Amino acid sequence: MKLSARLKTVAVIIWALALAVLVPFFFYNYSGGWLQSVAAFWPLSRP
Amino acid sequence: MTVRKRRKSILTCTIVSVLVLLLLSTFVMSQQVVDDTRLAASGIWTLYLTLMTFMILRTGRTRPWRSIFFVVFAFSFVFIFISDLVAERGSMQLTREVIEANDTPLCPVAIPQLILPALLRKLLIFPTQIVSGHYGGFWAIFFMWLVGFLAMGKGWCSWGCFFGGIDEGFSKVLRKPLLNMKKMPPRLRYLPYAVLLVVVVWSFLALEPSYCIWFCPLKLVTEYPAVDNPVAYLQAIIFITLGIGLLVILPILTKKRMQCGLFCPLGALQSLARPLNPYRVRIDHDACDGCRKCEAACPTFSVVTRRLQTSPANSGPSTKRFLTKIDRSCTHCGECMAACPQGAIEYALVGVPRTRSFDLDNAQPWWKRLLRVPRQVFFEIFEARTLFVLTAVTFGATLSGNFVTRTLAELIGVVVRLIPALSGLGGA
């Protein structure tokens with residue numbers, strides 16, 4: 001198996017794992033809840 | 001050259017469609033819909049999406065199922081969005097009070113301008129709620145788009161975008177284009193990247209969402225600021241011209257999605273970020289005969305053809321004269337697959353070669369023949385097309401559900417009110 005093919009396989013696995021975490025969040029009714037913690041992690045203000 | 005078959009077995013199509021039906025029914029049930037018309041509308045939309053999944057997998061063509069879904073989605077979104085604005089504010093006008101209250105709905109197309117100020121200066125330069133609010137808020141909309149994009153890639157533009165169905169709808173009005181875009185200068189394909197660069201730099205320097213303020217053609221179908229000074233007048237001329245041109249007139253004349261293919265900065269950002277998603281549309285060059293029908297069918301100028309050098313000795317009628325390539329701007333709509341007479345274009349996953357054949361030899365041992373059906377179904381389910389369609393339908397259904405079912409419920413309500421009135425007229 002060539003290195004580029006292995007890298008692609010690893011990339012697809014990482015992508016699938018990322019989706020496995022993110023998609024349940026997406027379908028969860030997220031008004032408030034975990035979004036608050038994201039916003040606390042990266043606080044934004046107004047210009 | 002052989003014509004490739006793209007049909008999947010009825011068993012596979014049924015299994016995947018039933019999975020879609022179960023998923024969507026769960027969503028409908030979790031919405032706690034009490035209104036009868038809304039429940040009927042949800043049922044109709046769920047059944048359509050299930051039928052769409054079955055037909056796309058069975059025929060190997062997304063046409064016309066995806067197109068109908070996408071156009072209904074966009075027009076329902078616009079109808080519900082404007083209805084809500086009018087009910088709340090009395091008009092589509094974006095007033096100074098709404099902006100100052102940071103209560104403007106955030107549209108995913110605005111996201112590219114917001115990323116740099118948010119990353120480098122921790123500033124949100126769009127007048128919307130930061131976490132989640134009346135219209136979603138920045139983080140809610142950003143994650144909605146991010147997860148949708150990670151899951152579908154550029155498929156977002158043909159299965160998940162709220163607005164893509166508008167120019168797609170108008171591009172389906174005529175049977176043949178009045179304005180042939182084959183002679184379009186190839187460099188025009190880079191226009192969305194130029195728009196992206198301009199709005200990102202401008203927005204970062206001026207700390208204002210420049211695309212929304214100066215260019216966005218979609219203001220025509222969402223909300224627009226008051227025209228009460230010369231600058232606002234100029235902005236109105238720009239967005240009305242771009243809106244009518246890119247969303248209505250040019251799509252009708254050319255049968256292309258002009259806003260999506262040549263102007264949208266979110267589409268350009270997604271094209272650049274394509275490596276974040278493994279779904280691709282792939283051409284089998286052994287099967288392709290270079291007829292260029294895919295190029296004509298592509299609504300977003302994403303099929304690029306190059307003339308091959310041919311020597312006089314092998315320039316017979318069967319010789320391939322063009323080499324076809326799918327550009328990174330491809331939105332995975334599937335129009336090229338439907339147009340390809342050779343069946344040479346198919347959804348693919350990065351690093352996964354073309355599907356193997358499942359036609360097992362009858363001379364094989366009995367246990368291998370017995371395992372043939374479950375093996376075929378297993379491999380067909382985990383094929384790129386099935387996985388992509390399943391993802392795209394699920395996300396498309398989630399994003400469109402609220403708007404389409406509300407619109408359908410309104411229509412059902414009108415019909416229900418009309419029937420007694422009409423029967424009363426008939427009786428009289």
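B:Pro64 sits in the loop that runs between helix H2 (36-59) and helix H3 (65-89) of chain B. In this predicted model, the peptide bond joining B:Arg63 and B:Pro64 is cis, with omega about 0°. Most peptide bonds are trans, and most residues other than glycine have a negative phi. B:Asn102, which is not a glycine, has a positive phi of about 50°; B:Asn102 is placed in the loop between helix H4 (96-100) and H5 of chain B. B:His332, also a residue other than glycine, has a positive phi near 60°. The loop that holds B:His332 lies between strand E5 (322-326) and helix H15 (335-339) of chain B. B:His332 counts as buried because its relative accessibility is 4%, under the 20% cut-off.

**Salt bridges**

Over all chains, the whole structure contains eleven salt bridges. A network of salt bridges links B:Arg63, B:Arg66, B:Asp167, B:Glu168, B:Lys172, B:Arg257 and B:Glu335.

| Pair | N to O distance | Separation in sequence |
|---|---|---|
| B:Arg257 and B:Glu168 | 3.3 Å | 89 residues |
| B:Glu335 and B:Lys172 | 3.4 Å | 163 residues |

B:Arg66 is buried at 1% relative accessibility, and B:Glu335 is buried at 4%. B:Glu335 also forms a salt bridge with B:Lys172. B:Lys172 lies in the loop between H8 and helix H9 (191-206) of chain B, so this pair too ties together parts that are apart in sequence. B:Lys172 counts as partly exposed, at 39% relative accessibility. In the remaining pair of the table, B:Arg257 lies in the loop between helix H11 (230-254) and helix H12 (258-262), and B:Glu168 in helix H8 (residues 164-171) of chain B. Both B:Arg257 and B:Glu168 are buried.

E5(B) pairs with strand E4 (residues 303-307) of chain B in the antiparallel sense, over five bridges. B:Thr324 in E5(B) is the bridge partner of B:Thr305.

In helix H1 (residues 10-30) of chain B lies B:Ser17, buried with a relative accessible area of 5%. A polar atom of the B:Ser17 side chain is 3.4 Å from the backbone nitrogen of B:Phe54. Leaving aside residues up to four places away in sequence, B:Ser17 touches B:Thr50, B:Thr53 and B:Phe54.

**Contact with chain A**

The contact involves 34 residues from chain B and 22 residues from chain A. Between them the chains bury about 2500 Å², 77% of it on carbon and sulfur atoms. On the chain B side, B:Lys122, B:Trp139 and B:Phe143 lose the most area, together 23% of what that side buries. Across the interface there are zero salt bridges, but six residue pairs are in polar contact. Helix H5 (111-120), helix H6 (138-152) and helix H18 (384-427) of chain B each supply at least two residues of the side that touches chain A. H6(B) gives the most, with eight residues. By type, the residues of this side divide into 25 nonpolar, eight polar and one charged.

Methods:
Residues numbered from 1 in each chain as written. Chains lettered and ligands numbered in written order. Predicted model: local features only at pLDDT ≥ 70, side-chain atom pairs only at ≥ 80, totals over all residues. Heavy atoms only, no water. Contact = heavy atoms within 4.5 Å. Buried area = accessible area lost by both parts, 1.4 Å probe. Salt bridge = Lys/Arg side-chain N within 4 Å of Asp/Glu carboxyl O. Polar contact = N/O pair within 3.5 Å; in protein donor to acceptor, adjacent residues only side chain to side chain. Helix = DSSP H or I, 4+ residues; strand = E, 2+ residues; numbered from the N terminus. Nonpolar A, V, L, I, M, F, W, Y, C, P; charged D, E, K, R; others polar. Buried < 20%, exposed > 50% of the residue type's maximum accessible area, 1.4 Å probe, protein only. Pairing = 2+ DSSP bridges.
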